[in-house]
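Dear colleague,

Please find below the structure I am handing over to you. I would be grateful if you read the notes that follow it with the structure open.

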Amino acid sequence: SKSWRKIKNMVHWSPFVMSFKKRYPWIQLAGHAGSFKAGANGKILKKYCECEQRCLGQLMDDVLCPYVPAYHGEVEKDGERYNQMDDLLAEFDLPSVMDCKMGNEDGTVNRDFKKTKTEEQVVVAFQEFTKGNRVVLKKYLDRLKQIKDTVEVSPFFRTHEVIGSSLLFVHDRREQAKVWMIDFGKTMPLPEGQVLTHRTAWVEGNREDGYLWGLDHLIAIMENMLQQQN
(Lines give C-alpha, C1' and ligand atoms only; values in the text may rest on other atoms or scores of the structure.)
Protein backbone atom coordinates (compact mmCIF):
# COMPACT_ATOMS: atom_id res chain seq x y z
CA SER A 1 0.00 0.00 0.00
CA LYS A 2 1.18 3.51 -0.72
CA SER A 3 1.49 4.96 2.75
CA TRP A 4 1.38 8.53 1.48
CA ARG A 5 -2.10 7.97 0.04
CA LYS A 6 -3.43 7.45 3.56
CA ILE A 7 -2.65 10.88 4.92
CA LYS A 8 -5.49 12.27 6.96
CA ASN A 9 -4.85 15.97 7.16
CA MET A 10 -2.34 18.63 6.51
CA VAL A 11 -1.81 22.30 7.16
CA HIS A 12 0.83 24.51 5.66
CA TRP A 13 2.36 27.58 7.33
CA SER A 14 5.53 29.54 7.77
CA PRO A 15 7.04 31.84 10.35
CA PHE A 16 7.55 34.23 7.42
CA VAL A 17 4.89 33.98 4.76
CA MET A 18 2.34 31.31 4.03
CA SER A 19 -1.31 30.71 3.90
CA PHE A 20 -2.87 27.50 5.16
CA LYS A 21 -3.28 24.91 2.45
CA LYS A 22 -4.56 21.37 2.51
CA ARG A 23 -2.42 19.08 0.38
CA TYR A 24 -1.96 15.37 0.38
CA PRO A 25 1.14 13.39 -0.56
CA TRP A 26 4.17 14.96 1.18
CA ILE A 27 5.92 14.33 -2.06
CA GLN A 28 3.77 17.01 -3.66
CA LEU A 29 4.70 19.62 -1.07
CA ALA A 30 8.04 20.44 -2.56
CA GLY A 31 7.02 21.06 -6.11
CA HIS A 32 4.05 20.60 -8.33
CA ALA A 33 1.45 17.93 -8.81
CA GLY A 34 2.75 15.47 -11.35
CA SER A 35 6.37 15.88 -10.25
CA PHE A 36 6.29 12.66 -8.21
CA LYS A 37 5.84 8.93 -8.60
CA ALA A 38 5.83 6.03 -6.17
CA GLY A 39 9.06 4.05 -6.33
CA ALA A 40 9.78 0.50 -5.23
CA ASN A 41 10.61 -0.68 -1.69
CA GLY A 42 9.52 2.37 0.30
CA LYS A 43 11.07 4.90 -2.06
CA ILE A 44 9.54 7.86 -3.87
CA LEU A 45 10.61 9.41 -7.16
CA LYS A 46 10.78 13.18 -7.48
CA LYS A 47 11.19 14.78 -10.90
CA TYR A 48 14.89 15.28 -11.57
CA CYS A 49 16.40 18.58 -10.48
CA GLU A 50 20.17 18.98 -10.79
CA CYS A 51 20.35 21.43 -7.89
CA GLU A 52 18.45 19.11 -5.54
CA GLN A 53 20.51 16.11 -6.66
CA ARG A 54 23.71 18.00 -5.83
CA CYS A 55 22.39 19.10 -2.43
CA LEU A 56 21.07 15.68 -1.41
CA GLY A 57 24.28 14.02 -2.55
CA GLN A 58 26.33 16.39 -0.38
CA LEU A 59 23.92 16.04 2.55
CA MET A 60 24.44 12.26 2.61
CA ASP A 61 28.04 13.02 3.71
CA ASP A 62 27.08 15.86 6.09
CA VAL A 63 26.12 15.78 9.77
CA LEU A 64 22.56 16.66 8.64
CA CYS A 65 22.16 13.28 6.93
CA PRO A 66 19.77 11.83 9.61
CA TYR A 67 17.44 14.82 9.21
CA VAL A 68 16.89 14.78 5.44
CA PRO A 69 15.35 12.10 3.16
CA ALA A 70 17.91 9.39 2.39
CA TYR A 71 18.96 9.83 -1.24
CA HIS A 72 19.31 6.83 -3.54
CA GLY A 73 20.52 8.38 -6.76
CA GLU A 74 19.00 9.14 -10.13
CA VAL A 75 16.62 6.73 -11.89
CA GLU A 76 14.70 6.75 -15.15
CA LYS A 77 11.03 5.73 -15.37
CA ASP A 78 8.66 6.02 -18.34
CA GLY A 79 11.28 8.07 -20.18
CA GLU A 80 11.58 10.65 -17.36
CA ARG A 81 14.51 11.27 -14.99
CA TYR A 82 13.88 11.25 -11.24
CA ASN A 83 15.75 11.65 -7.98
CA GLN A 84 15.00 8.63 -5.79
CA MET A 85 14.64 9.07 -2.02
CA ASP A 86 13.06 7.45 1.02
CA ASP A 87 9.31 7.76 1.51
CA LEU A 88 9.35 9.48 4.89
CA LEU A 89 5.81 8.30 5.69
CA ALA A 90 6.48 4.58 5.29
CA GLU A 91 6.91 3.93 9.03
CA PHE A 92 3.74 5.79 10.06
CA ASP A 93 0.18 4.55 10.56
CA LEU A 94 -2.35 7.00 9.04
CA PRO A 95 0.06 9.94 9.32
CA SER A 96 -0.86 13.57 9.86
CA VAL A 97 1.50 15.82 7.96
CA MET A 98 2.41 19.50 8.13
CA ASP A 99 4.79 21.34 5.84
CA CYS A 100 6.45 24.47 7.20
CA LYS A 101 8.37 26.73 4.82
CA MET A 102 11.58 28.00 6.39
CA GLY A 103 13.64 31.05 5.54
CA ASN A 104 13.00 33.21 2.52
CA GLU A 105 10.74 31.78 -0.14
CA ASP A 106 12.69 32.98 -3.16
CA GLY A 107 15.77 34.84 -1.98
CA THR A 108 13.88 38.06 -1.33
CA VAL A 109 12.07 39.31 1.73
CA ASN A 110 8.30 39.29 1.49
CA ARG A 111 6.88 42.64 2.52
CA ASP A 112 3.23 41.64 2.55
CA PHE A 113 2.97 41.46 6.32
CA LYS A 114 -0.74 40.70 6.14
CA LYS A 115 0.25 37.19 5.06
CA THR A 116 2.86 36.70 7.75
CA LYS A 117 1.78 34.30 10.47
CA THR A 118 1.65 35.71 13.98
CA GLU A 119 2.85 33.65 16.92
CA GLU A 120 -0.79 33.14 17.92
CA GLN A 121 -1.62 31.72 14.48
CA VAL A 122 1.36 29.37 14.68
CA VAL A 123 0.21 28.16 18.12
CA VAL A 124 -3.31 27.55 16.80
CA ALA A 125 -1.92 25.69 13.79
CA PHE A 126 0.12 23.36 16.01
CA GLN A 127 -2.71 22.89 18.50
CA GLU A 128 -5.05 21.83 15.71
CA PHE A 129 -2.41 19.73 14.01
CA THR A 130 -1.36 17.80 17.15
CA LYS A 131 -4.77 18.04 18.86
CA GLY A 132 -2.79 19.25 21.87
CA ASN A 133 -1.10 15.85 22.28
CA ARG A 134 1.73 16.48 24.76
CA VAL A 135 3.70 13.37 23.77
CA VAL A 136 3.70 14.37 20.11
CA LEU A 137 4.55 18.02 20.87
CA LYS A 138 7.48 16.96 23.08
CA LYS A 139 8.83 14.64 20.36
CA TYR A 140 8.57 17.44 17.80
CA LEU A 141 10.34 19.87 20.15
CA ASP A 142 13.17 17.40 20.87
CA ARG A 143 13.65 16.72 17.16
CA LEU A 144 13.69 20.46 16.32
CA LYS A 145 16.38 21.03 18.97
CA GLN A 146 18.44 18.19 17.48
CA ILE A 147 18.05 19.72 14.01
CA LYS A 148 19.06 23.17 15.30
CA ASP A 149 22.17 21.82 17.09
CA THR A 150 23.17 19.91 13.96
CA VAL A 151 22.47 22.79 11.56
CA GLU A 152 24.75 25.02 13.65
CA VAL A 153 27.75 22.73 13.05
CA SER A 154 26.89 21.61 9.50
CA PRO A 155 29.52 22.50 6.86
CA PHE A 156 26.80 22.16 4.19
CA PHE A 157 24.48 24.60 5.92
CA ARG A 158 27.18 27.17 6.60
CA THR A 159 28.12 27.33 2.93
CA HIS A 160 24.66 27.31 1.30
CA GLU A 161 21.82 29.80 0.91
CA VAL A 162 18.70 27.82 1.83
CA ILE A 163 15.75 29.07 -0.22
CA GLY A 164 12.23 27.61 -0.36
CA SER A 165 13.14 24.70 1.95
CA SER A 166 10.62 23.17 4.36
CA LEU A 167 10.39 21.30 7.61
CA LEU A 168 8.12 18.28 7.29
CA PHE A 169 6.26 17.33 10.49
CA VAL A 170 4.76 13.83 10.61
CA HIS A 171 2.98 12.03 13.46
CA ASP A 172 0.44 9.24 13.75
CA ARG A 173 -2.11 7.71 16.09
CA ARG A 174 0.61 5.61 17.76
CA GLU A 175 2.25 8.89 18.85
CA GLN A 176 5.24 8.43 16.57
CA ALA A 177 6.47 11.90 15.59
CA LYS A 178 9.40 13.13 13.51
CA VAL A 179 10.57 16.21 11.63
CA TRP A 180 12.73 16.30 8.49
CA MET A 181 14.28 19.02 6.36
CA ILE A 182 13.01 18.71 2.77
CA ASP A 183 12.96 20.64 -0.54
CA PHE A 184 16.46 21.65 -1.66
CA GLY A 185 15.70 22.47 -5.29
CA LYS A 186 16.50 26.18 -4.82
CA THR A 187 19.30 25.86 -2.26
CA MET A 188 22.47 27.39 -3.70
CA PRO A 189 26.16 27.09 -2.75
CA LEU A 190 27.85 30.32 -1.69
CA PRO A 191 30.96 31.71 -3.40
CA GLU A 192 34.22 30.23 -2.10
CA GLY A 193 35.06 31.62 1.33
CA GLN A 194 31.60 33.07 2.06
CA VAL A 195 29.53 31.74 4.97
CA LEU A 196 26.11 32.63 6.39
CA THR A 197 24.84 32.84 9.97
CA HIS A 198 21.22 32.14 8.87
CA ARG A 199 20.20 34.49 11.74
CA THR A 200 21.40 37.89 10.55
CA ALA A 201 18.69 40.16 9.14
CA TRP A 202 18.39 40.10 5.35
CA VAL A 203 19.63 43.14 3.47
CA GLU A 204 20.12 43.46 -0.27
CA GLY A 205 23.04 41.30 -1.36
CA ASN A 206 23.97 39.54 1.91
CA ARG A 207 22.09 36.31 0.98
CA GLU A 208 21.05 35.69 4.59
CA ASP A 209 17.98 33.42 4.47
CA GLY A 210 16.74 33.61 8.09
CA TYR A 211 16.51 29.82 8.47
CA LEU A 212 17.92 29.61 11.99
CA TRP A 213 16.01 32.72 13.02
CA GLY A 214 12.81 30.91 12.08
CA LEU A 215 13.92 27.70 13.78
CA ASP A 216 14.77 29.55 17.02
CA HIS A 217 11.28 31.09 17.05
CA LEU A 218 9.58 27.79 16.28
CA ILE A 219 11.38 26.09 19.19
CA ALA A 220 10.46 28.96 21.56
CA ILE A 221 6.80 28.76 20.53
CA MET A 222 6.70 25.00 21.14
CA GLU A 223 8.43 25.32 24.51
CA ASN A 224 5.80 27.89 25.54
CA MET A 225 2.99 25.59 24.39
CA LEU A 226 4.32 22.75 26.55
CA GLN A 227 4.85 25.05 29.57
CA GLN A 228 1.29 26.33 29.31
CA GLN A 229 -0.02 22.76 29.35
CA ASN A 230 1.59 22.19 32.78
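This is a predicted model: local features need pLDDT of at least 70, side-chain atom pairs count only at pLDDT 80 or more; totals for chains, interfaces and linings use all residues.

The protein chain has five helices and ten strands. Of its 230 residues, 47% count as buried. Contacts between residues at least 6 apart in sequence were also examined, and 73% of these join residues at least 24 apart.

I begin with the strands. Strand 5, residues 80-86, pairs with two partners described here. With strand 3, residues 43-47, strand 5 runs antiparallel, and five bridges join the two. Within that pair, Lys43 stands opposite Asp86 of strand 5. Strand 4, residues 71-77, also pairs with strand 5 in the antiparallel sense, over five bridges. Here the bridge partner of Tyr71 is Met85 in strand 5. Strand 4 and strand 5 form a hairpin in which two residues lie between the strands. In that turn, Asp78 has a positive phi of about 50°.

A second hairpin is made by strand 8 and strand 9, with five residues between them. Glu175, in its turn, has a positive phi of about 65°. Strand 8 covers residues 166-171, and its antiparallel pairing with strand 9 extends over six bridges. One of the residue pairs is Leu168 with Trp180, the latter in strand 9. Strand 9, residues 177-182, is mostly covered, since five of its six residues are buried.

Helix 5 packs against helix 2, residues 119-130. The angle between these two helices is about 65°, and their axes are 11 Å apart. Their crossing is right-handed. From helix 2, the residues that take part are Glu119, Val122, Val123, Phe126 and Gln127. They meet Leu218, Ile221, Met222, Asn224, Met225 and Gln229 of helix 5. By class, this contact has seven nonpolar, three polar and one charged residues.

Finally, two residues may be compared. Is Thr150 buried or exposed? Thr150 belongs to helix 3, residues 134-151. Its relative accessible area is 12%, and the cut-off for burial is under 20%, so Thr150 counts as buried. Leaving aside neighbours within four places in sequence, Thr150 is in contact with Val63, Leu64 and Tyr67.

Asn230 lies in the segment after helix 5. Its relative accessibility is 71%, and exposed means over 50%, so Asn230 counts as exposed. The C-alpha atom of Asn230 is separated by 9.8 Å from that of Arg134, although the two residues are 96 residues apart along the chain.

With kind regards

Technical notes
Residues are numbered from 1 along each chain as its sequence is written. Side-chain values use heavy atoms; hydrogens and water are left out. Helices (H or I, at least four residues) and strands (E, at least two) are DSSP runs, numbered from the N terminus. Buried means under 20% relative accessible area, exposed over 50%, partly exposed in between (1.4 Å probe, protein chains only). Contact means heavy atoms within 4.5 Å. Two strands pair if DSSP finds at least two bridges between them. Axes are lines fitted to C-alpha atoms, for helices over the stretch in contact, and angles run from 0 to 180 degrees between N-to-C directions. A crossing is left-handed if the near helix is turned anticlockwise from the far one by less than a right angle, and right-handed if clockwise. Ala, Val, Leu, Ile, Met, Phe, Trp, Tyr, Cys and Pro count as nonpolar, Asp, Glu, Lys and Arg as charged, and the others, Gly among them, as polar.
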